[in-house]
Amino acid sequence: MTAQNVAFWGLAIAMGAGAIGVVRSRNIVHAALFLIVVLVGAAAQYIVLLAEFVGITQFFIYIGAIAVLFLFGIMLTRAPMRAGNFDNDQRWPAAVVAVFLFGVLIALLVNAFGHDEIKLSDELLRVSRTGPVADSIFRNFVVPFEVVSMLLLAALVGAVVIARRD
Amino acid sequence: MLSNAWLIPLIPAVGFVLILFFGKHLPRKGSEIAITTVGASFVLACIVLIQWIQRVNDHDGGGALRGFGRAVLPAGEGGLTAVDHSFTWWQNGAVRFGVGTHLDGLAVMMLFMVTFVSLLVHVYSTTYMEGDRRYTHYFALLNLFTASMLLLVVADNTLELLIGWELVGFCSFALIGHWWEEKPNSDAAVKAFLTTRVGDVGLMIGIIVLFFAAGSFDIATINAKALGGDISHTLLLVSASCLLIGIIGKSGQFPLHTWLPDAMAGPTPVSALIHAATMVVAGVYLGARLYPVFFRGFSIGDGGLNAMALIGGVTIIIGAVLAFVQRDIKKVLAYSTISQLGYMVMALGVGAWVAAIFHLFTHAFFKALLFLGAGSVSHSGSHHSFDMKSDMGGLRKYMPVTFVTFVIGSLALAGIFPLAGFWSKDEILVTAGDAGFTAFLVVGLFGAFLTAAYMTRCVYLTFFGEFRGHGEPHESPPTLTVPLVLLSVMSIAAGFLNAEAFGIENFREWFEGAVALPPLRHPSFNSLMAVVSVTVAVIGIGIAAYLWFQREELGPFRNLTQRNAAARAGYRFLENKYYLDDLYDNVIVGGIKGPIARASYWVNQHVIDGVVNAIGRGTAAAARETYDVIDQKVVDGAVNGLAETTGETGGLLRYIQSGRVQRYALTLFAAVGALSLALWLVY
Amino acid sequence: MALNQYLILSAFLFCTGVYGVLARRNGVLVLLSVELMLNAVNINLVAFAAFTKQISGQVFALFVITIAAAEVGVGLAIVLLIYRNMHSPDLDRVDQLKG
């Protein structure tokens, strides 16, 4: 039982609870806060996996921007602050589907990757530093990078257009 | 010349066309063309005859082969062969329709006889038909008739023979009805044509059966196959019977003889040529030509009764008996012809082929002589009447040549030695007796007796006694009498061609040669039979002379019919020709015209039309039903139902589209899960 | 560490997100669930990147994050609009496409 393992399991449990909380909470704000828990857990997991840049990016963008955005959205849509029932009438079918899907996925994954191990080695550390990531983006994936920037621009403009009050 | 014998029928045929087109403009109105053409044919026929006799003599090495039971070998086995000359008209696979000539002894004999008699009749007709309303057409038809008869004689296949047969039938019809403005004449012509037509059905069926039996229309082939046993006996019997029906019609045998006496309505030269010498013997010629078919079909060689001999025998008697009650001289001769034809057919039926042909040959001469003599009598003696009882009598004083020739002809017919009829009739009787046909021998003898008797009656009524007619009888001009003399010469001399008593067998040698024949009996001359037949004939003459030549006619039999009811009834039976005409006309034809036709009409109207109408109504009703039920309910129902179902299904499916996105997403994820599971399980 | 740990964790998060997408009434909550799903995918990607020692997994994860940001922006704008028109954020009301 290595340190990474312990870290993983602790984070995993926290993330799991947070996820359940997102989907089962009766309070919107609580749901958003639970999501933040999940996001933080995810960021930590990335760092455990030696993907530092991704972890930091997750931190900044997801938690710093998106979660805040959610809170703004909740505010602007006059979402009820009190507890309410936010489940629609297909709860049970949805639960069935979700569980079923989970079962299938587990079966598949166990079948496929049953004996694979992640080796956290120096080589991995060397490879997954920020430098090589940046290199990769600006060399191998420069086109998708540019496209994504376009996409962001479009999303920005689009959001403004959609939400405009006129 | 032998292989160019096709010229002989051709020349009169050309003459026919020429006379039709040019005859009226010629000085003698076409008769010169007619006589020229027939004369040319006669000359050619004589040449053919001489060449043929030459051929026979060459083949036999100069000497005649005499022998009994000699069978003529079929051509190709070293025997004397016929001269064939034909070309293919049309070939259809294995079936060959040819046109050509087949000259053997029989054909040569017929050619000579037909052209000779025809030539004499043509010459005779120039005077006899003088001033006639259709002189030119008469000669045209006479030429056509001669051509057709000659075609029939030289034909080498049954189809050609049939064409000739039908053509002579047509010419007979046209010539019998030469004076068709008078209804009895046209009636007689139609009766002749239709009665022979009934026989022709048999002929045609016989030809067809023979074609299928032998595989060919060629006569030589048919005869060879019949002789060689390649055709089953049943088929031969059937075809022989059918052909026999044709013979019965054309040659005036019982029961289709009724047309011959009525045919006397035609001009007398026509009667002489067609109904004595030539056309009526076409049936006998057919029998002689296809003799193997008849011989094997009717099993003539085995003795015993057969249809041919029986019919011939019956005909002999009924013809002879009826000749007794006629007032009309031509009708006497007509019934006599029927009787003599019976002799010929009976002769064929007992296996006396040579005798039959020989009798045909001699009969042509003396019967033509008798008819032309009767014509001479009517022309110059009885003012164009043929009624013996009212217009003739005692003419021997006024028409000596006619009288003498007529008597010669009568004696020949009666079969008195040494005239022609004796030799031929005697040979028939001898062969009949020799082959064991005793019944027919007796019939033949009785017929000879009757023949002699009625001819004596006829001679008496015409030439003896007091002249009962009006006008001035005188002898006929030479154009009429010279043919009579020539024919009487032939009546005397022709018999000697086969005078077996003197060992002469020329007729047989020359004319039996190269004919396809089964083994035949050739009995030798039987003096006893000769004596018997002559005696019988003499007795006949004697009895008739006794009855008629007396001062008081008929002696004790005078007015018998007035005194005795049975005699009267018998006389009436004979007078009405055994009521055969009534039978045919009223019973058979009338029955068909009347009740049967009406019944057929009823069936047609009610049964057949009823069925048709019912089908029509049924179809209309079915159509209506189809429309109502099937179209309206079923088909439309199906179509409408389909539309409704689609609509309702759509209505149901509508609920799936709830408009709620999450519902759709649920379905989507469920499907993804299911499909991935399925995919995983499969792989 | 076993690779499967991360993968099963990711699967768990994903399925929870699915449940949330399907079963929540409020639009904002649905968007939250979608974020959950995206994060699950990201964890998957990074785990594989570590397993195969290739960076492209991380790069991909970065792109996903970026796009998620854009998507949230637009999504919230839409939810705002729905709220303005329906006067309620209830997604069940949005059924104009009902057949």
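Figure 1. B:Asp187 and B:Lys183 form a salt bridge in which the closest N and O atoms are 3.0 Å apart. The term salt bridge denotes a side-chain nitrogen of Lys or Arg within 4 Å of a carboxyl oxygen of Asp or Glu. This is a predicted model, in which local features need pLDDT of at least 70 and side-chain atom pairs count only at pLDDT 80 or more, while totals for chains, interfaces and linings use all residues. Residues are numbered from 1 along each chain as its sequence is written, chains are lettered from A and ligands numbered from 1 in the order in which they are written, and side-chain values use heavy atoms, with hydrogens and water left out. Both B:Asp187 and B:Lys183 belong to helix 6 of chain B, where they lie 4 residues apart, about one turn of the helix. Helices (H or I, at least four residues) and strands (E, at least two) are DSSP runs, numbered from the N terminus. B:Asp187 is partly exposed at 39% relative accessibility, and B:Lys183 is exposed at 55%. Here buried means under 20% relative accessible area, exposed over 50%, and partly exposed in between (1.4 Å probe, protein chains only).

**Figure 2. A further pair in helix 6 of chain B.** A salt bridge of 3.0 Å, N to O, joins the side chains of B:Arg197 and B:Asp200. The two residues are 3 apart in helix 6 of chain B, and therefore about one helical turn separates B:Arg197 from B:Asp200. B:Arg197 is partly exposed at 30% relative accessible area, whereas B:Asp200 is buried at 3%.

**Figure 3. A salt bridge between two loops of chain B.** The side chains of B:Glu181 and B:Arg134 meet in a salt bridge (3.0 Å, N to O). B:Glu181 is in the loop between helix 5 and helix 6, and B:Arg134 is in the loop between helix 3 (105-128) and helix 4 (135-154), so the pair ties together parts of chain B that are 47 residues apart in sequence. B:Glu181 is partly exposed, at 40% relative accessibility, while B:Arg134 is buried, at 17%. Both residues belong to a network of salt bridges that links B:Arg133, B:Arg134, B:Glu181 and B:Glu182. Over all chains, the structure contains 8 salt bridges.

Figure 4. B:His178 lies in the loop between helix 5 (158-176) and helix 6 (183-214) of chain B. With 3% relative accessibility, B:His178 is buried. Apart from its neighbours within four places in sequence, B:His178 is in contact (heavy atoms within 4.5 Å) with B:Met129, B:Asp132, B:Arg134, B:Tyr138 and B:Pro267.

**Figure 5. The interface of chain A and chain B.** Chain A, which has 7 helices and 0 strands, places 12 residues in contact with 12 residues of chain B. The two chains bury about 1,000 Å² between them, 66% of it on carbon and sulfur atoms; buried area is the accessible area (1.4 Å probe) that two parts lose on being put together, summed over both. The side of chain A that touches chain B has 8 nonpolar, 3 polar and 1 charged residues. In this classification Ala, Val, Leu, Ile, Met, Phe, Trp, Tyr, Cys and Pro are nonpolar, Asp, Glu, Lys and Arg are charged, and the others, Gly among them, are polar. The count of salt bridges between chain A and chain B is 0.
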